[in-house]
Each structure stands twice: as C-alpha cells, then as structure tokens.
Amino acid sequence: MSLMKNIKVRGKLLFGFGAMVVIALVLGGLGFYSVSRLSHTMEEIKMDKIPTIRVLSDIGFYRMAVRIESVLVKPDLDLRELKVIANRRNKTFAIIDDLWNKMTFIFEDYGNNKAILDTVKDSYRSWREIHSKLDQPLSAILEATPEDRKVLFDQYQSIMPPMILLSDSLGEHIDKLASIVNDEIDSKVSSELMFGKKLSLASLVAIITGGLLAFFLAFSITSSVSVPIAEGVALLNRLRDGDLRKDVPDIFLQRKDEIGELAHSIQALTENMREQIVAMAEVSTSLSTSAYQISAAVSQVTASAEETSAAVVETTSTMEEVRSTAALTTKKSKDVSESAKNGIKVVQRGKDATEKLLGGLKKIGDQMNSIAETIVRLSEQSQEIGDITGTVEDLAEQSNLLAVNAAVEAAKAGEEGRGFSVVAQEIKSLAEQSKQSAKQVQKILKEIQKATDAAVMATEQGAKAVEEGAKESAPSRESIQDITKGFGEMSHAASLIENSNNELLSGVDQVLQAMESVKEAGVQNLAGMKDVERAAKGLKDMGQSLSDLINRYQV
Amino acid sequence: MRKTKSTILRERANSLASKKNLDFLGKRNELVSFRLNDESYAISSLHIGEVFPLKEITKTPGVPGFVVGIINLRGRMLSVINPKVLLNLPEGPEERDGRFIVTLRSESMEFGLMVDPPLDVISVASLSLDPPIPSSSEKASYVAGLLKDVIVLNGSIILSDPDLVINKSYGN
C-alpha cells in the first residue's frame, strides 16, 4: 500500500490501463486461437474428408451400375441393343478407373489402416479381373454368328454368379472404408466441440477474473487519487473560512507523488498565512501603541496651550490695571498744570500770597512724589508683564519641542502618520508665532520702560523746580519772576509727563493687541489639537479594524 | 473682520489634517535638526526616539570622554554622549535655553546625544545630499552629507558604531 502511495498518479493510471490492455489481449488471443483452430478443422473436413467420402460413394454407385449393365445382357436382346449396353459398360468402367486413380491419395492418407486398404485393393482387383472375364464372351457375342451366340451366352451366364459375389464383397469393403472416414470426421468434430466447451469455460473464468482485477485496480487508483483531493478541498475550504489551525496530515505529506507535492504546497500556504497573520497582529499592536502615544502627546500639548491661554488672560488684566494707573497719572499731571497756573496767578498777586504759595508748592511737591510713586509702580508692573511673557516664551519653546517629538512619532507611524506630521508642523509654526508675539511684547515693554524712565526723570526735574521755587520764594520781584519761571518749567514738566503717559497708553494698547494675537494663536492651537486628536482616533480605529480583520483568522 | 480671519485659519487647519489632501504631499523625508556650537546638524527622524530638554544628569566615573553621564528617562537609564567630543569640536558656551537631549534609537541600541538648541524638523521631498567635506577624522563616516548649510549625520552608522559600546567590564 505504501508503494501505491509513492507511485506518481500518471504511473498508476498507466499501470491500470496497461493491466486492462493485457487482459483484453489475453481474452482476444484465446478467442482468435479457438476460431482459427475451428476453421482449420472445418477446412480439413471440407477439402479432404468430404471428397474422400464422395469418391468412395461414387465408386459404390458405379459398381452397382456396371453390375446392372452386366445383368442386362440377355440372349433375347438383338445385336444393336447389346452393342449399346456394351458401350455404356465400357464408359462406366472408364469412370471407375478414373475414380480409382483418385483413390491413390486416400491410400496415402490412410497408410496406418493398411489391412483394410489391402482388402479393398484386393477385392477391387478381383472384381476388375472377373469383369475382364465377362468382357471376352461379350465382345465375342457381338462378332459371333447367331449359332455360336448361345454357347457364348452360356459361358457369360456362368461367370455372372461369381461376379455378383465379388461385387458384393467390393461394396462391403468400400462401405467399411467409408465408415472409417466417417468415424474419423465424427471424432474430429466431437473433439473440437470438447475443446470449444473447455475454451468457453476458460474464457468465462478469464473474463470474470479480468473484470474483478480491472474493478479492483480502478477502485484502488481512483481512491488513492480522489480521497486525498477531497481532503485537500476540505483543508482549502477551512483556509478560506480563516481557520489556519489544522496542518495537512503527515500521511499525505509523506507521499512522494503529485498528491504529496500538492499536500506540501497546501502546508506551505497554511504556514505562510499563519506567519503573515502573526506579523499583521504585531503591526496592529504597534499601531495601537503609536496611536496611544500620539494621544498622550496631544493631551500634553493641549494642557500647555491652556496654560498659555491662562497666562494671556493674566497679562491682559495686568495691562488693564496699567492703563487705569496711567489714566490716573494723566489726570494728576493735568492737576499739576492747573495748580502751576494758579500759582503763577497767586505770585503775581503779590508778596502776601507767598505763604500761601509756599503751601501750594508743598502740595505740588507731594503730588510730584505721588506721580513718581505711581510711575515706579507702573515700572514694576511692566517688569511683571516681562516675567509673564517670559513664561509664554517658555511654553512656546515647550510646544515646539512637543511638535518635534510629535513629528518624530508621526514619521514612525509611516504612511498613516503623514497627516499627523503635517499637523505637527502646524503646531510648531504656531509655537513659533507665539514666541514671536512674546518677543514683540517684550520689545514694547522695553519702550514702556524707556517712557517710564523719562517720566521719572521729568518728575524729578519738576520736584527740583518746586524746591528751587520754594527757596527763591523771597518776596522780591526777581524771586517772584524766578518763581514764575519755575512754575513755567513745572507746567512744562507736567505736559511732558502727560506726553509720556500717552505714549505709555498706546504701548499698553499694543501689548493688548499682541495678547489678543497670542490668544488667537492659542485657539488655533486647540483647534489643531482637536484635529490631531481626531487623526489619532482614526489611527486607533484603523488599528481596531486591522485587529478585527486578524481576529477572523484562527492561528 | 477678526472673526473671519480665525475662521479661515481654522478651515486651513482642518483641510491640512484631513486625509484626502495628503496625496499631493508625496513621500516626505523628515530630519530633526539641532545645533552644535554655531553649526546646524540634522539626523533622519527614523533613528530619533524623542527630544527633550536636559534637566538633570548624573556624571559617571571611569567612562570614555565622549560619555557625559546618565539620565533617568521615565524610569529607564539612558547614557548621554557628547557629539562635540566625537566630532572633535570645541566645547562652546552654554546657550541661554540650556542643552537638549536627542535620543537615537535602534532595536539593539539607545542613547542620548547632548545638543544645543534650537531644535527643529526639516521636511524635504527628496533626500539628495551634497558630499561632505573630505576629512581624515576616524569618525568621518558619521557625516552623511550636506543639505544646503545643514550637516546631515548618519544615524544608523552612529547607532551601529562598536566604539560607542562600553564594555560591561570596563566600568568595574
């Protein structure tokens, strides 16, 4: 049976069909042999035995004819009738001689029946001799005179009885020979019949055996081909349904024929699919991990964006405070200016007002101090804003770093991370924008600082002028003129302060505007993050669907 | 007016993030760039693990000059290498923003490179490099080529350099 498995299918089929052909040849050979043997026997009977029988019966027939013709010779017949009989008798003898010559080949065939042949030959010879004896008186009768005829007839009649005896014995012997020939034909025919029966039995046995053998061969070859194919189809159906757990049975793998090759191919296919599914599962896992990391990065970026937004709000409210302080300063500057004008009027009214003036001067000095204090506070608040923008810059720097990391992660995610990498680029540019805005704010703050310094200086100048005015408040015309001059300077300083404040206000407006743009950048940042989150979700879904796909297979 | 501008920017962000518009971008090569003193350098992002500012580093005794020390990266110990020592560059003054770590990562190797800011991502369509300036240095193979004025380092060669592997028995 193992031999059966190792022969190629082609070899099996060739062997099966070859066996059928051999069986057919054996059966056909048997039939051909029996038919040719029968026909040979028939031919022998037709060409040999039947002519023999015929010659023998002819001899018998003409023997009787000669006997009748001999008996017909009677004295009461006239000469003409006798001549006719004699002629006919001679012709009959000629036929008999001719037939006897044909007998020679019979004698050759039946050499083993020498005794019978000899008796036939002897009796024929004696029969021929006695007829020769009859010929002499008969021919004499035809020539003789009527007186002599009577004697000759008597002589003829005396030979008749022995002739009849010899004729009978010849007939008997020829019949015997004929019966031998007949027996021979009978025996031949019956032996052929016997052979025919045996042969048909043998043919029947051969047909049954051959049929069984052919059926067995056909069954075993077909089953050795069709059973593994059915098994293979079942395996492939399982593969189609995603069940990769079953291997091809060893019994098929060990076969060395085409079925074995097919089994190896199916096994290789199964193993390949298994490996691929395992590899795909790994890819799906790493995809999920990447998606998770991206989500984590996104939430970090979102948190820092929220911090930025809070810082911006804080900056804005501080700026509002600065603005209100500046407004107060302006108002106070205007008051100073007004007071100075009033002072000048008072001085011009005269000496008496000097005391009052001094009092007014003191008041002005106090106000100056208050302005200086306010401006110093303003300077401190500007410093605070500087700190906050520093924080904004730091946050922007961190966002930039996160964006770089996000781009690196996106590159690892490959083709699917490409969208994310574009978004990371956008986040990076937004971080850059935030940084630029913060820098702008810092630049503006420097200008504010400058303006504040100028305001402080102007305040100091004003204070000095007030002091000098107080010193020179002697009730002389010159000193009053000096005081007037001092008031003029003071008024000038107040207007300088006002100008500085206006500059400061415009600076504050610029800061507020910058803050607005930082806020806007933050909002965009958040929107971008939402998109990234969506992209990460898509990545996660993709990982899930890939994993679902893989789960359809059972490895 | 301001509202409109914000809407336009939002739409642009949406369209860039949506998948259908990605095809026109083609395949991009991304490089992470950094500075060593006044020169710009870059490494393909395929070899980069992550980047982060250097905060705390533990100096390790008995290691070659190019090893700065070890850091704690989320519970993992990571050795930090100074590329300036490897590339025979002078140790410049520290920047205002401090120093940064770029981790190089392969299946068998991971370590940090200590670099100067600013860090950035360069995205180019084709990675055709100009040949590097010929050098007799034994570490010349670290330089893959020039991308305009950026020196591109070969991350896979640095990662696979056996000279950078410190034998376990070395420190004992």
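**Figure 1. Salt bridge between Asp120(B) and Lys428(A).** In this predicted model, Asp120(B) pairs with Lys428(A), the closest N and O atoms being 2.1 Å apart. A salt bridge is taken as a side-chain nitrogen of Lys or Arg within 4 Å of a carboxyl oxygen of Asp or Glu. By this rule, 1 salt bridge is found across the interface of chain B and chain A. The model is predicted, with local features requiring pLDDT of at least 70, side-chain atom pairs counted only at pLDDT 80 or more, and totals for chains, interfaces and linings using all residues. Residues are numbered from 1 along each chain as its sequence is written, chains are lettered from A in the order in which they are written, and side-chain values use heavy atoms, without hydrogens and water.

**Figure 2. Interface of chain B and chain A.** Chain B contributes 29 residues to the contact and chain A contributes 28 residues, contact meaning heavy atoms within 4.5 Å. The buried area is about 2500 Å², of which carbon and sulfur atoms give 55%; this is the accessible area (1.4 Å probe) that two parts lose on being put together, summed over both.

**Figure 3. Packing of helix α3 (residues 79–109) and helix α4 (residues 114–143) of chain A.** The two helices pack at an angle of about 160°, with their axes 12 Å apart. Axes are lines fitted to C-alpha atoms, for helices over the stretch in contact, and angles run from 0 to 180 degrees between N-to-C directions; helices are DSSP runs of H or I with at least four residues, and strands are runs of E with at least two, numbered from the N terminus. α3(A) and α4(A) are therefore roughly antiparallel (angles over 145 degrees; under 35 is roughly parallel). Residues in the contact include Phe93(A) and Trp100(A) of α3(A) and Tyr124(A) and Trp127(A) of α4(A). The contact comprises 15 nonpolar, 1 polar and 6 charged residues, where Ala, Val, Leu, Ile, Met, Phe, Trp, Tyr, Cys and Pro count as nonpolar, Asp, Glu, Lys and Arg as charged, and the others, Gly among them, as polar.

**Figure 4. Packing of helix α2 (residues 9–72) of chain A against α4(A).** The angle is about 25° and the axes lie 12 Å apart, which makes α2(A) roughly parallel to α4(A). Arg63(A), Val66(A) and Ser70(A) of α2(A) meet Trp127(A), His131(A) and Leu134(A) of α4(A).

**Figure 5. Backbone features of chain B.** A cis peptide bond, with omega about 0°, joins Pro117(B) and Pro118(B). Pro118(B) belongs to strand β7 (residues 110–124).

How values were computed
Angles under 35 degrees count as roughly parallel, over 145 as roughly antiparallel, 65 to 115 as roughly perpendicular and the rest as oblique.
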